Amino acid sequence: MATTTITKTEKLVGKRIRRREDPRLITGTATYVDDIKMPGMLYAAILRSPHAAAKIRSIDISKAKALKGVHAVFVGEDTKNAGAVPCGASLPGLRVPHHNLLAIDRVYLVGHPVAVVVATDRYVARDGAELIEVDYEPEAAVADPEKALAPGAHAVHPQWADNVAFTFHQEGGDVAKAFAEADVIVKQRIVSQRLIPNSMETRGVVADWHAADRSMNLFTSTQAPHLVRSLVAQILGLEENRFRVVAPEVGGGFGAKIQTYAEEILLAWISMKLQKPVKWIESRRENFLCTIHGRGHVDFYEIAAKRDGTITGIKLKIIQDLGAYFTVLTPAIPTLSVLMMPGLYRTPNIQADIVGAFTNCTPTDAYRGAGRPEATHGIERMVDMVAAELKMDPAEIRLKNFVRNEEFPFPTATGLVYDSGDYSAPLKKAMEMAGYDQLRKEQVEARKQGKLMGIGLCAYGEICAFGPSPATPAGGWESATVKIEPSGQVTVLTGISPHGQGEETTFAQITGDELGVGIDDVLVLHGDTSLVPYGIGTFGSRSTAVGGTALYYALQDLKAKVKKFGAMLLESEDVTLANGQCTDNKTGKSVGFKEIAAAAYRAMKLPPNTEPGLLATHFWEPPNFTFPFGAHLVVTDVDRDTGNVSIRRYIAIDDCGNILNPLIVDGQVHGGVAQGIGQALWEQAVYDDNGQLVTGEFMDYTMPRAHMMPWIESGHTVTPTPVNPLGVKGVGEAGTIGASPAVVNSVVDALSPLGVKHLDMPLTPEKLWKLISAGSNA
Amino acid sequence: MKISGSYFLPLPPEQAYQRLQDPAVLAGAMPGCESLEKIGEDEYRMKMKMAMASLSGNFDGKVRITQQNPPNSFKLMVEGSGKIGFMKGEGDLNFTPKDAGTDVSYEGDVQVGGTIAAVGQRLIDGTAKMMIKRFFDKVAA
Amino acid sequence: MIPQQFEYSAPKTLDEALGLLAEGAKPLAGGMSLIPMMKLRLASPEHLVDLGRIKDLNYIREEGGAIHIGATATHQDVLSSPLLRGKCPLLAETAAHIGDVQVRNMGTIGGSVAHADPSADYPAALQALEAKIVLKGAKSERTVSAEDFFVDTFTTALEPGEIVREVIVPIDGDGTGTNYQKVLQPASGFAIVGVAVRVRKQGEKVTLARIGVTGLSNRAFRAKEAEKALEGRSGSPAEIQAVAALVGQGIDANSDLHASAEYRLHLTAVYAAKALATALGRIA
């Protein structure tokens, strides 16, 4: 517990310290958006289109308006000048649909907002929405990106008949030569299916406008409060310094809360219009339809290789299902796949093309891993296929092609510079833990008995810690402010916006170690734009690597000042800060941290050239991304009778650089692996031909549950990054990125005696059973 | 969703054909049909109240008969929409004499949208089959 | 996720409840299916009568050589009942397969049976047990067999105003073995296919075989051809395979996102074989 004594007994960084945010979460006392109540607050309910494509002939709101308790009903005509949903990504020739807050004359996806009812409570608001009569003229829709690109397909936006939002081309090295000189060329179409992020808390917004001082308070479940502030203030023409955005407790995001959504703009607009606070809470059904989806790739790979297994060239064509309109990063996500297409391999020659396709579906955007799981899945599947073609062991081909330790910093064919690594270490460690050679022998025996046992490997690399500002749409730096209060307690204000990643704990560990105080003497605050300096937010496994580094540097400044005051009090010139006190290195005399803080604020006397008070702010611009890596090894058994996959062993070896808190790192890996296995085996957003999302609830969308998870044997290798002084790389997405190819490679391996070379996700039992029962050659 | 099947009616094809176009018969046989009102040549406006398990909802819809080829075949289109979603069924009915009656075979497409499409996936097939069976049972009665 | 306005009554006596139901109210018995439907506004009953406070409906007791289970006994009550576990283990075993812990704590046997979801677990066991279902209205009480009770998808022998009052299952003596096998639809937890088997042997011969199937088609049913094929046999592995293959024969199987009709039929045979082998192996 925090006390008035400042204490310190041990080094905090590197310890398995329990998360300090957990007590309020597990006792149900945290404050989420829906816990916010304000006097006179109204509730909004949104009427949404049941059609994927339709003209709106007319909207009759008279019955809704007449309902007792309804304050207002707004339709597209009312909000058409209130701005559009912002897209932050830019690509040459990008066609950006103007997505109004409410549909005006046509809808182009199921869930398209058509009208909003504002009422005294959420029940009346919903009743009111049901009374609105919309006359639709349904049209044919297109829900599949490949069909959308076919000639004659329904145009999602009439002005762009080909449904092409953009094309993108990148190449490096001499790919033509690599293919011309290849001994083998392996081709495969690989699908990374559409997924629904499904955070535990859906989205929600409370907007509270104060006309008298032109100020807005916007409470929203977001990963990037400052970004929401900048965008919504600009869209509505409001003053940014009077616009406060608060991300209260946020129950998960997984990338789906980086965006600025229509509802955030709409609710602010309504609050201004009605001069009242207004709340909207997304239902789970809306969350399935109206919060972004992830993945949605159809990839066409070609790999050129030499007979000895050297991979000499990669060609990749990506068809990205963008959905019907763009959220903040939609078109940028597949470009991340291109950046990471070589994986951990030295391959000097690459060629990539992306076609972004509009469909009558929910927009895709960043979902845990965002572009890198697709790239990793592709290259890791392809490497296995090349190994099979060359009759090589999948471990051997990987070890042969890895970037070598002496080659770092390693420039890739896609224009990146990999920071540091020992890529073979996690793979070797995973193989050792698994007893790889023994497993292969066991597999030979199992196959003799007709059993389908598979061993799958994945060696993944990812790009994290976004990132140098020129490479990002909205700045890639991060900020931190550290204040030592007069009582000696330390307050950290960070520009990142954690929502489950545990930085209230890890940042307190960093702070405690640097200032020589205890973890309970430190409070980490975030997520309120009126409190913390401008920050970018939490996504892309950047919080600790970028935000933690900003904090580290702020702490260096502050530590120097504390020492100055300590030295002044001790009348010394050589002092050390540790164990809650400042000690004279010569005399051994010490003064408590608390006394120093008091002296700094009381300011009876000041050290030379030193101002009173103890506060430091640092903005840190990273010089490069970081590139975590690792290897996952999965042993599966496939039941011949049913096609069921059971995961016998799951080994995850991750290298995320230095580890600040092993407990939190393990938790991040476990959650990530669960989502990756979810994609591999169960999850998929399925649309029918008419653009209806048929997996529109948890009845049909298979979220992984605890009881479906294997025991995860996790381990680490540690290769610090030179990019930041903490040596940390990031681990939020690693598990997800490593998991899906490891599982799929394992199942393909299990079915390889039947001639199976590739399987697309999810690996549902029926899909496998059909192959098994046909004895097939897929 | 594709649907197909057949049903035996103990009537000669001419009568079976006629019965399946008789608005009074249709109104009595369409599950949940509350009213059927002629609005054009072989086109009717229909009000339905669907009730199955705890699900219930009112639908406004249309019934249309096209491509008539008596007594061999015609196309039947039924659509309805309400607060809980919409549905549209379209099918070809073929009449073949069999024993002393007629084998009515159908083949078509059922489209469902809105909330019912999102939450009722595992039940749509079974429900469609049940509705069709109830429909023919009533036509035969 | 916001239902329409409705009236809610929670009577303490069965008569009071039946009176309200006779006026058109809808019974609530756990609400594991009804409440989600109401939240989605797929169901909008005007008046709900919660049967949960009626003490007289919540029991599991032995009476007249059978076990009577009151309508509001939860799945947790059923799966943990020492009486059922000892004397009708098939029902307790089946209850353990329903939904998840939260559903088992709230959902009731009467609610599940009356709802007649074609993929619910209980109906398979009730068919295999040749259970009786007691239906009670304001002015009537009648008993129907499980076979006659489950009519079609969500359609039962219940008349308007009637509720399931209790379920009666037999007590099988020694020489009987049972088992329930289920293929879980991983998203919803409902059965893609569920097979309940109850077999009795005298010496080396199967004297009674009852096989209940859920999830495969429009309603839970008894696989009588398969039952007949097993009776009089010893239940050898080869016979089990042959009998299991008959279980889904001639059935118009359902097809959905999670399993095609073909796969469902295949799973029916696979899991019927497992259930048969397990049940035969359990004969004491």
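Me: Why are strand β6 (residues 132-136) and strand β10 (residues 163-170) of chain C said to pair?

Reply: Pairing requires at least two DSSP bridges between two strands. β6 and β10 of chain C share five bridges in the antiparallel sense, so they pair. Strands themselves are DSSP runs (E, at least two residues; helices are H or I, at least four), numbered from the N terminus. The model is predicted: local features need pLDDT of at least 70, side-chain atom pairs count only at pLDDT 80 or more, and totals for chains, interfaces and linings use all residues. Residues are numbered from 1 along each chain as its sequence is written, chains are lettered from A and ligands numbered from 1 in the order in which they are written, and side-chain values use heavy atoms, without hydrogens and water.

Me: Why is the link between A:Asp127 and C:Arg41 called a salt bridge?

Reply: The rule asks for a side-chain nitrogen of Lys or Arg within 4 Å of a carboxyl oxygen of Asp or Glu. The closest N and O atoms of A:Asp127 and C:Arg41 are 2.7 Å apart, so the pair qualifies. Chain C and chain A have two salt bridges between them.

Me: How many residues does each chain bring to the contact?

Reply: Chain C gives 23 residues and chain A gives 28 residues.

Methods
Contact = heavy atoms within 4.5 Å.
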